[in-house]
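Here are my notes on the model you sent. Please read them with the structure open.

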Amino acid sequence: MTDFDVAIIGAGPAGMAAAVEARSRGLSVLVVDENAAPGGQVFRAAEAAAQDPAVGPAIAPGLPLVAAFRGSGATYRPATTLWHLDADEGALSLAAHGRAEDVTASRVILATGAQERPVPIPGWTLPGVMTAGAAQILLKTAGVVPSGAVVLAGQGPLVWLLAVQLARAGVASLVLETRTTSLAAALARAGGGVWAGRRLLAKGLALMAGARRRGVRVVTGIRGPRAEGEGRVQRVAWEGGSAPCDTLLLHEGVIPSTHVSRAIGLEHEWDATQACWRPVADAFGGSSHPRIAVAGDGAGIGGWEAAVAAGRLAALDAARRLGALAEDAFAARTATLLAVRAAALSPRGFLDALYAPPAAVLAPADDVIACRCEEVTAGAVRRAARLGATGPNQLKAYLRCGMGPCQGRLCAPTVAALIAEARGLAPGEVAPLRPRAPYKPVTVGMLAGGAETLQQGGK
């Protein structure tokens, strides 16, 4: 078993920035990431896709960070899954290349990023329906684009970014925007933060205008979207309209990926602005557990620039805790980073107000599938709640939601919202699902393979 000063879970913007900063302080660093190359979702496949005219412009800002990470000297473990974490002991159980292994770390930084919010609409389990993020992954990693009639339904910056990227790749699309909040109302709620975040907001407006210039058709204010077809999606319909559809891409924003942080029992809080749970963390990412920090979108959605600052702050905090950085130097180094992160987060109030998810997305109609793994409907969840299921954890005694291959990653937000509705509670009053190890499926063969000691990077 190999020891490290810092273990970082995730090689997205926060994880890479944390690794670079920690290494600059002389700490031994392990970075564990499920992807084959660094970048996370925002800069996924950055090195391979940088010259692709469809996605290259959005990837370019991340290339210096990827290069700095590659040259940092951190021990980098791509295509590796964290399947168990003993926070008290700092012991990480990893799986890669068909084998399991264990390492330990004095400080663990969870930089697990975000996941797309589930969008359970009628017909969302039909072949040909996927999330916008999944389509973007295919575009970045393999240059694959959908054929036929392509429809993006939902709201949020990713909808517009993907529409532009598909247009650059020669794919025309139809955007069905579900946004219900007006620009004026969102601006009124956001207050003074809008001016501080004007650069990012201007970039977003330019993206929307660019989509229209490239021929992307847009229908705004749609209600009740549903996928229809025999054997696969053939059309998308909504109140008052319909359109042919061979590929339907759904998106209603992103939420923190909290599977690991919930599994190890970190304290979480309900984020009413983003309608999701997130770990409780201090200004430097410190969590409710003295060994664990959380950085980037996994601690609350803020975008890649805020994530970079958060990763560096978490690394500096680790260096301070481990005696590699004096208090006065820590205060001097973090002051600028705190200001940078605050500036990057300044548009969030506006974006959160503008793209608040519709109620039907959070708690769909009874006949809609809520749990795809076990094919459990929203109506079944509501009935179980009325029978006595007080939360997603108790629901397992009634139904199998959260016990399938995704282990609740997709269904847990919807199930909790349905229970809250059925029991007349506020969403934050329903405790989130508590996952259990293994966090991702591992084979008995992996476990039987025994621990493999890391050969590089340890102390």
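Where does proline 438 lie? Proline 438 sits in the loop between helix H17 (412-423) and helix H18 (444-448). The points below start there.

1. **Basis.** This is a predicted model, where local features need pLDDT of at least 70 and side-chain atom pairs count only at pLDDT 80 or more, while totals for chains, interfaces and linings use all residues. Residues are numbered from 1 along each chain as its sequence is written, and side-chain values use heavy atoms, with hydrogens and water left out. Helices (H or I, at least four residues) and strands (E, at least two) are DSSP runs, numbered from the N terminus.

2. **The cis bond.** Alanine 437 and proline 438 are joined by a cis peptide bond. Its omega is about 0°.

3. Alanine 45 is not a glycine, yet its phi is positive, about 50°. Alanine 45 lies in the loop between E2 and helix H2 (46-49). Alanine 45 is buried, with a relative accessible area of 14%. Buried means under 20% relative accessible area, exposed over 50%, and partly exposed in between (1.4 Å probe, protein chains only). Glutamine 407 also has a positive phi, near 55°. Glutamine 407 is in the loop between helix H16 (392-395) and H17. Glutamine 407 is buried, at 18% relative accessible area.

4. **Helix H1.** H1 covers residues 13-24. Its 12 residues should span 16 Å at 1.5 Å a residue, and the end C-alpha atoms are 17 Å apart, which agrees. The expected span is 1.5 Å times one less than the number of residues. Nine of the 12 residues are buried, so H1 is largely enclosed by the rest of the structure. Among the buried residues are Pro13, Met16 and Glu21. The buried residues of H1 pack against strand E1 (2-9), strand E2 (29-32), helix H4 (63-70), strand E6 (99-110), H11 and helix H12 (327-345). Contact here means heavy atoms within 4.5 Å. Just after H1, glycine 26 has a positive phi of about 85°.

5. **Nonpolar cores.** A nonpolar core is a set of buried Ala, Val, Leu, Ile, Met, Phe, Trp, Tyr and Cys residues joined through side-chain atoms within 4.5 Å. The largest has 66 residues. Ile8, Val29, Val31, Ile109, Leu152, Leu162 and Leu249 touch the most other members. Helix H11 (residues 304-321) gives the largest share of this core, nine residues. Leaving aside neighbours within four places in sequence, the contacts of leucine 152 include Val159, Leu162, Leu176 and Leu249. A second, separate core of 22 residues includes Val32, Leu85, Val103 and Ala263.

6. **Parallel sheet.** Five strands form an open sheet in the order E8-E15-E9-E10-E11, with parallel pairing. Two strands pair if DSSP finds at least two bridges between them. Strand E8 (129-131) and strand E11 (217-219) stand at the edges with a single partner strand each, so one side of each is left without a neighbour in the sheet. The twist averages 20° from one strand to the next. E8 and strand E15 (residues 247-252) are joined by three bridges. Valine 129 stands opposite leucine 248. Helix H5 (residues 132-142) packs on the sheet, touching E8 and E15, and its direction makes about 80° with that of E8. Axes are lines fitted to C-alpha atoms, for helices over the stretch in contact, and angles run from 0 to 180 degrees between N-to-C directions.

7. **Antiparallel sheet.** E12-E13-E14 is the order of an open sheet of three strands, with antiparallel pairing. The twist averages 25° from one strand to the next. E12 and E13 pair over three bridges, with alanine 227 partnered by valine 236. Their hairpin has six residues between the strands, and glycine 229 there takes a positive phi near 155°. E13 (residues 235-238) and E14 pair over four bridges. Tryptophan 238 has glycine 241 as a bridge partner.

8. UniProt, in an unreviewed entry, places "domain: BFD-like [2Fe-2S]-binding" at residues 371-421. Such annotations may be inferred rather than shown by experiment; positions follow the numbering used here, and feature names are shortened. Residues 371-421 are 47% helix and 6% strand, with end C-alpha atoms 17 Å apart.
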